[in-house]
Amino acid sequence: MGVGVGEASCAPAASSLIGDLYEPHERARAISIFMLGLPVGVSLSYLIGGYIAQHYGWRAVFYVAGLPGLLLALATFFLLEPPRGQSEVAKIGAEQRSGNPIKLLLGIPTMRWIILSGLLHNFVMYALTFFLPSFLVRYHQTSVQMAGLLSALLVGTVGALGMLAGGWIGDLGRKRWLHGRMLISGTTVLLAAPAAFLALLAPAGALAAFVLFLGLAAFLLYTYYPLIYATIHDIVEPALRGRAMAIYFFAMYLMGASMGPVATGWLSDYFARRATHLSGLPISEPIRALGLHQAMYIVPALTVVLAAVLFAGATTAGNDIISLQSWMKNLNAEGAEGAEGAEKS
């Protein structure tokens, strides 16, 4: 619980910091590099965590993960704090629009779509990453070690490449269209749905087909992070970006990340029990494999819903970006006039 409370402050604060350091057309790439910690960290958990737990016990894993974390935490004290909003075209500092900040953020149409998308995306990603090793062992009958290696490849290596690609293409899209990042995100996520579906259609033991299609799905799904995080910067003023990310993460993890594994596990048990009832056979590993296989179809199904939400957000993003830019320019102009008047006086 202590780790969870402490770690929760990292992403909102870091995202807000990136917004102050990088200009709008550079943020998706900057965020993609920061977010590499997600696929790389998950990949290392598969590779290193399993090895240490098997040879030295599960308690040793916490020492390996905790000590480097303490050193990195100390390193943050040496980070320089940039001026608020230093990379904005309109220099407004820590000014924010009037009204209750929470109501203001939830009143932005694109922000509401983004929050809903975060819930769905985390549901899909945690269901996939949580059960991927078990699925490989049960359905494709790989060894535990092979399941860990393949999971690290699909989630870590391929996911990291997708993250970087999302940052690069997101900045290009933002230069072309105001709503480019949302539009690209909806497109990549929509393409991920049939890829995940084809991966699940691969028969038991057809590892090559499964790895190919699931790798493509993972690549496309990981483009989501830099595209959406950078969009939040496009629609929210610097003074409220940390709070916006906190609200977004609240929905992502409380509903998405926590419910994804639970719902998938419940479905897996349900389909296994139903197969047992229909066949009259006792529960067995093949039946458990069948149950998990059927439950995993929730991933492509919800991915289609996620794509629809992102496309809906793309329809409002342009207006929300223009609204924020207009407010910032007007505020900047008023500040310049006031400074000029004071100088004349």
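Reply: A residue counts as buried when its relative accessible area is under 20%. The model is predicted.

Me: How many of the residues of α11 are buried?
Reply: Among the buried residues of α11 are Y224, L227, I232 and D234. Helix α11 is largely enclosed by the rest of the structure, because the number of its residues that are buried is 12 of the 12.

Me: How far apart are the end C-alpha atoms of α11, given its 12 residues?
Reply: Helix α11 runs over residues 224–235. At 1.5 Å a residue its 12 residues should span 16 Å, which agrees with the distance between its end C-alpha atoms, 17 Å.

Me: Which residue forms a salt bridge with D234?
Reply: The closest N and O atoms of the pair are 2.9 Å apart. D234 sits in helix α11 and its partner in helix α9, which links distant parts of the chain, 53 residues apart.

Me: In which helix does R181 lie, when paired with D171?
Reply: D171 forms a salt bridge with R181, with 2.7 Å between the closest N and O atoms. The two are 10 residues apart and link distant parts of the chain, D171 being in helix α8. Both residues are buried. R181 itself lies in helix α9, residues 180–201.

Me: How many residues apart in sequence are the parts that D171 and R29 tie together?
Reply: The side chains of D171 and R29 meet in a salt bridge, at 2.7 Å from N to O. D171 lies in helix α8 (residues 144–176) and R29 in helix α3 (residues 27–34), so the parts tied together are separated in sequence by 142 residues.

Me: What radius of gyration does the protein have?
Reply: The C-alpha trace spans about 90 × 45 × 30 Å along its principal axes. A compact globule of 345 residues would have a radius of gyration near 20 Å, which agrees with the value for the protein, 22 Å.

Me: How many helices and strands does the secondary structure come to?
Reply: Read along the sequence, the pattern is α-α-α-α-α-α-α-α-α-α-α-α-α-α. Among contacts between residues at least 6 apart in sequence, 83% join residues at least 24 apart. The secondary structure comes to 14 helices and 0 strands.

Me: What share of the accessible surface belongs to carbon and sulfur atoms?
Reply: Of the 345 residues, 47% are buried. The accessible surface comes to about 17200 Å², and the share belonging to carbon and sulfur atoms is 69%.

Me: Which element has the highest mean pLDDT?
Reply: The protein averages a pLDDT of 88, and 97% of the residues score at least 70. Among the elements, helix α1 (residues 2–7) has the lowest mean, 76. The highest mean, 96, belongs to α9.

How values were computed: Residues numbered from 1 in each chain as written. Predicted model: local features only at pLDDT ≥ 70, side-chain atom pairs only at ≥ 80, totals over all residues. Heavy atoms only, no water. Salt bridge = Lys/Arg side-chain N within 4 Å of Asp/Glu carboxyl O. Helix = DSSP H or I, 4+ residues; strand = E, 2+ residues; numbered from the N terminus. Buried < 20%, exposed > 50% of the residue type's maximum accessible area, 1.4 Å probe, protein only. pLDDT = per-residue confidence, 0-100. Expected span 1.5 Å × (residues − 1). Rg over C-alpha atoms; globule rule 2.2 N^0.38 Å. Contact = heavy atoms within 4.5 Å. Areas by Shrake-Rupley, 256 points an atom, 1.4 Å probe, with all protein chains shown as cover.
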